[in-house]
Amino acid sequence: MPAQPTTTLSPSIITELEKVIQGDVLHDTYSLGLYSTDASFYQIRPLVVVVPKDETDVKKAVEVARSHKIKILPRGGGTSLAGQTVGEAMVLDFSKYMNNILELNTEARWVRVQPGLVRDELNPVMAKHKLHFAPDPATTSRANVGGMVGNNSSGTKSILYGKTVDHVLEAKILLADGTELLLKECSREEFEEKARQPNREGQIYRSFKEIIDQNNEEIKDRFPKVMRRVGGYNLDEFVYTDKWNLAKVITGSEGTLGVILDLKLNLEPLPKFKSVVVVHFADLLESIRAVEPMLPYKPSAIEIIDSTVLALGYENLTTRQHTHFLQGQPAAIQIVEFYGDTAADVINRAHTMVADLKKQSLGYAYPVFPEGREYDDVWLLRKKGLGLMMGIKSEKRALSFIEDSAIPVRFLPEYIDQVLKICEKYNAPVSLYAHASVGVIHVQPLLDLREQKEIE
């Protein structure tokens, strides 16, 4: 059981919450133990968990938290790898009740949803209209849309669709003081009009404008120029355009600026045709060097899986029958996917890329699959990669602490080479997988945290 919090809520506060909340108020040892963890290895026991039935419950919970100076931590599916959903706070869990589709406009291609809706429960409904919410982290079967916004998630197709911030149109949020805001795109004139309001909303718009105006050149100079930059507030979304949307600074803020009540999201058309190439490599660094030559063929994804994850795939009963496409014993594979308007296009681009790789002596096997059973098997193995790593049966466990380091693709081979040498120096086995297309590779050293030297 995680350590007891240094602060505990008095029974009177629990009673106060139970009187005003229509949903669930959880404060027993078992529930607090469950909510003290997420998908990371961090453990912090919350003070109380509120599972709101509706927006009124959220407002009542925030009101109680404000009156007693209790920290607030919004939470969805708990799939975070860096401890974002654990803390000594009042946890608000939206996944049980606030998980509905509220409004859909297929012509304008947008949907309005509550934050607790699971991404893979949203998209089957959208697929009936040949649309989808495009960001696709590996945890889409349980990741909540609100959590994806808080985390600014992206996933395998980010080279094509970008990050969640590129798909958030509006956000209705609740501030700690009880103010409710609807954040959406404004022209410079509309933004300045809001900033003149003599209320909390006006104060926020004025203060934000000051931050951007006073630091405009600094933001341009110092924010990293990589697409997969998710290391903080998205101030760079406001220095290259006159159309400002504060929903874009809420995105990626991990619940630190306000509580999301509902979201209006952009929808993309589903691809008409798809194919995938599985490029096999005898050398890991060779697979990293191959990424840059693949990019001119405009793939929708380039995903690396190393020999550690592949070996686990061979051994696992749920994935073994889906590994038939693997040839030999590769040090790594790159899953390269293509979207297009015709079946011929997605196959031809794949074969043209393969011919180019062969000319450059990159890779040794290149099976190509159109959409179908083999295509699905390839992606199933990729989707299961994190779970396979987390389930390793040994004293050493895969640890997610070198996560989402976004490196310009041209520097990716040098970066991975240096990381592997550091791990080798400390005798730490390591596995690699994820989004080589955009320079984001999850590097997971295998360590035994019961050993002090491995902690150090």
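Buried means under 20% relative accessible area, exposed means over 50%, and partly exposed lies in between (1.4 Å probe, protein chains only). This is a predicted model: local features need pLDDT of at least 70, side-chain atom pairs count only at pLDDT 80 or more, and totals for chains, interfaces and linings use all residues. Residues are numbered from 1 along each chain as its sequence is written, and side-chain values use heavy atoms, with hydrogens and water left out.

**Cysteines**
- The structure holds zero disulfides (pairs of cysteine sulfur atoms within 2.5 Å).
- Cys-186 is buried at 4% relative accessible area.
- Cys-423 is also buried, at 7%.

**Salt bridges**
- The count is 26 salt bridges (a side-chain nitrogen of Lys or Arg within 4 Å of a carboxyl oxygen of Asp or Glu).
- Asp-24 pairs with Lys-96, with the closest N and O atoms 2.8 Å apart. Asp-24 lies in strand β1 (residues 24-26) and Lys-96 in the loop between β4 (90-93) and β5 (101-105), so the pair ties together parts 72 residues apart in sequence. Strands (E, at least two residues) and helices (H or I, at least four) are DSSP runs, numbered from the N terminus.
- Asp-24 is buried at 19%, whereas Lys-96 is partly exposed at 49%.
- Glu-303 bridges to Arg-382, with the closest N and O atoms 2.6 Å apart. Glu-303 sits in strand β14 (residues 301-306) and Arg-382 in helix α14 (residues 373-383), so the pair ties together parts 79 residues apart in sequence. Both Glu-303 and Arg-382 are buried.
- Salt bridges with shared partners join Glu-55, Glu-103, Arg-112, Lys-172 and Asp-262 into one network.
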